[in-house]
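Morning, everyone. Please have a look at the screen. I'll go through some helix packing, then the chain contacts.

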Amino acid sequence: MEGISATVAHVERILAFIFGIVVFFVAAIALKNDWKSKGLENQVFKMMLALLALGAFLAILASVNVLAGKGVEI
Amino acid sequence: MAVASVTQAGIVGRHHEEPDQLYVETRELRVQGFLLFMVSDLVLFSSFIFAYLYLRNTGQGWPPPGAPKLDLALASINSVILFGSGATMHFALENWKHRNFTKFANWIIATIILGAMFLSGQIVEYAKISATWGGSGIFGAGFFTLTGMHGFHVFCGIIYLTVLLLQALQGKYTFQKYTGLTLGTLYWHFVDVIWVVLFSIFYLY
Amino acid sequence: MAVAAVHSGGIADHIHPEPESFLRKYVFSIDHKIIGIQYIVTCGIFMMLAGALAELIRVQLMRANGGFMTPDTYNAVFTMHGSTMVWFVIIPLLTGGFGNLIFPVQIGARDVAFPWLNMVSYWIFPVAGLMLYSSFLMGAPVAGWTEYPPMSLQGGAGTSMWCAAVFLMGIGSTLTGINFLVTILKMRAPGMTFTRMPLFVWGQFVTAPLLMIATTALGAALAALFVQREFGVPFFDPTKGGSPLLWQHMFWFYSHPAVYIMILPAFGMISEIFPTFARKPIFGYKMIAFSSCAIAILGFMVWAHHMFTSGMAPTLELPFMVLTMLIAIPTGVKIFSWTTTLFGGILEFTTPMLYSIGFLILFTIGGVTGVFLAAVPFDLHAHGTYFIVAHFHYVIAGGSLMGALAALYFWYPKMTGRMMNESWGKWSFWLYMIGMNGTFLPMHWLGLWGMPRRYAVYDPQFQTWNQIESWFSFVMTASILLTIFNAIWSIKYGKKSGANPWRARTLEWQIPSPMPYYNFKHVPSVFAAPYDFAEPLPYRGLEEELTDSPPPVPAAH
């Protein structure tokens, strides 16, 4: 059983790493394309896309244990 | 055939109706009201985030005795799934703005599916934690309250997006008047951004 | 031909059809004016309940060694008195009541931004109030309106019901805040820039974000207390890793802005009444407007001045002390502005003017004792004593409530088309001044002599002053009852007022009394602030409002 659960975590990390990178670039490119839009709601959208990119970045780092908190199973 | 005619009516209806001044002005009101609602929702989360950080730093140290360990691998992929759903929702709205109903529908369905996958991942995480529960109430006070509130917001968001999709199929939105879709996208991004914070303070801190 | 519409298309021309049925007109109305009156009436009912509880307190305190209540009952009485007054009288009266009634007309709008949500916000109010009072039947809340743990973790289910009731009320408040903020930002009449808005609107404008942001923080605290009580989640239990201090931080982070919610609208009311009855422009319009903004912002930064004796980190005491003292500055700016407004004016001592002058004096006294309390060394001595009770009653009963009473006499004609009886009004005012000061002034020295608050029995050395206070409280009650009687009697027998009995200059006085459902036949345009008594009214397009011409036609949809 131990070997199997280690593999599951391994798969999860690889997927998180790959798709994290994908999402990061999607968000960053969307942000770049929308950069010049005007209006209050568009400013909010831009902030959220930036934070989305940040989130993807953090998830990438977490997937390779560069960032990991106390109380977390490595 | 009923489905086809509904969609047909939706497509036909979508191209009529230029926005009149009343629509433009009430749209401003609705967007601002919705943004303010999101601000107050943010305050709600911030209060509980404050409570968690306060308890964590003034109590018996973290993790508290008997607390279960969190699964970083699962949370990483789950987070990416949720962030990905933010990206797909962005595409859905962009396609609507470019008058492509089919692609809009596909991307919003993808968003709903990814959102549901996120919730499933959370359930798996909760199940794993409950299995190793050491009776630590303070862990629950921090972790379960915040992630539970967030999960509830995701659940409501899934329902919200489903309703938007059904309304769009019935032709409620045109390619000029689609405030509801914009607000739904804002809400979904909001839920995403909250998760960025929660992921950081529970799994990376 | 009537004056051409100043504004065509859009929200300003969008008129709901006139409501037909009794239910739509008076019960489930979406008209901000009806909703405002509903709030005012409901607040009147809760004020009588909370006032009765107050008199129970005063009767109990006439005897040092126990009146007629057990300590447990006494605890429940003052808890419910405070909770009702803060959340079910003062806040809804000043925001949902007078706010709803008046400010949309003052900005030249036909209604608020979300009228249906406004109705929902109102109906939450009586339901939440019923929930609150039902807690008497299940072991009432007993730990004061502040419900500190660990005391709030014990006792009957009433405390959990209290959490739920106040939480629900908070939802209504939050929705009102959002509604008002969007209305003021987006629905002002053409030409009404921010510096041409009446100061009452400024009062509502700075209060709305407080309602929106602070109330949600309270909701979080209440939810945490509720889940601790009902599900054992140990937020506030130190034996399980929680902290009672966490409650105090969460609670006061809301409750300090809450006191500004209670006073900023009253500042706005006073700012309308003084120029009208001094026949003089308000002195320092911009200073009053911007100092209100400063108070609203600073109000979020001072909450821990309620916690100086709580055992929190001593390093926090100095910054909170300094920030609290800082708030006295914008407040003082206003006091000086109002006083200067009166100076050299042609003063008319009508009832609203008398109540406003009373406000000026009594709120200043309360504000000054607030500065004393901001000083940590003083607060360490005065905290938990009757000095605190004196301070907040001066600012709330001498400030907020007097402002609301002034507003009631002032705007009553706009609600009903009639005047309240002026001589009874003057009696009410003097009874109030005598009663209120007689009740709360001695509490200052009682507190400094060491009489603790929230005690059902006390040291006999304080008994004489307590008896004096109780007798004066009956005088204050008589005043309130007279005002309420006046308000009810005048609906039928009051002198008809006409549109503008006070010759005031804001927009609500330029339309008929009572105000018609559509507010304006034509939305006016505005080209100056309303306070310059030397100039004609700064509006265009109001020629038809007081004539017999037909009402505007609802938008065709």
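How are H3(B) and H4(B) oriented to each other, roughly parallel or roughly antiparallel? Before the answer, two housekeeping remarks. This is a predicted model, in which local features need pLDDT of at least 70 and side-chain atom pairs count only at pLDDT 80 or more, while totals for chains, interfaces and linings use all residues. Residues are numbered from 1 along each chain as its sequence is written, and chains are lettered from A and ligands numbered from 1 in the order in which they are written.

Now the answer. H3(B) and helix H4 (residues 101-131) of chain B pack at an angle of about 160°, and their axes are 8 Å apart. Axes are lines fitted to C-alpha atoms, for helices over the stretch in contact, and angles run from 0 to 180 degrees between N-to-C directions. H3(B) and H4(B) are therefore roughly antiparallel. The cut-offs: under 35 degrees is roughly parallel, over 145 roughly antiparallel, 65 to 115 roughly perpendicular, and the rest oblique. Helices (H or I, at least four residues) and strands (E, at least two) are DSSP runs, numbered from the N terminus.

The crossing of H3(B) and H4(B) is left-handed. That term applies if the near helix is turned anticlockwise from the far one by less than a right angle; clockwise is right-handed. By class, the contact of H3(B) with H4(B) has 16 nonpolar, 9 polar and 2 charged residues. Here Ala, Val, Leu, Ile, Met, Phe, Trp, Tyr, Cys and Pro count as nonpolar, Asp, Glu, Lys and Arg as charged, and the others, Gly among them, as polar.

Over to chain C. Helix H12 (residues 386-416) and helix H13 (residues 422-448) of chain C pack at about 165°, with axes 7 Å apart. That makes H12(C) roughly antiparallel to H13(C). The crossing of H12(C) and H13(C) is left-handed. The contact between H12(C) and H13(C) has 13 nonpolar, 5 polar and no charged residues.

Next, the chains. Which pair shares the most contacts? Chains A and B do, of the 2 pairs of chains in contact. Two residues are in contact if their C-beta atoms, placed from the backbone, lie within 7 Å. The contact takes 31 residues from chain A and 33 residues from chain B. H3(B) gives the most to the side of chain B that touches chain A, with 12 residues. That side of chain B divides into 22 nonpolar, 8 polar and 3 charged residues.

Strands join in too. E1(B) runs parallel to strand E1 (residues 72-73) of chain A, with 2 bridges. Pairing requires at least two DSSP bridges between two strands. B:Asp71 in E1(B) is the bridge partner of A:Glu73.

Then chains B and C. Here 29 residues of chain B are in contact with 31 residues of chain C. H6(C) gives the most to the side of chain C that touches chain B, with 8 residues. Chains A and C have no contact, and their closest C-alpha atoms lie 13 Å apart.

C:Pro104 lies in helix H3 (residues 71-106) of chain C. Buried or exposed? C:Pro104 counts as buried, because there are 29 C-beta neighbours inside 10 Å. Buried takes 20 or more other C-beta atoms within 10 Å, exposed 12 or fewer, and partly exposed is in between; C-beta atoms are placed from the backbone. Leaving aside neighbours within four places in sequence, the contacts of C:Pro104 include C:His32 and C:Thr183.
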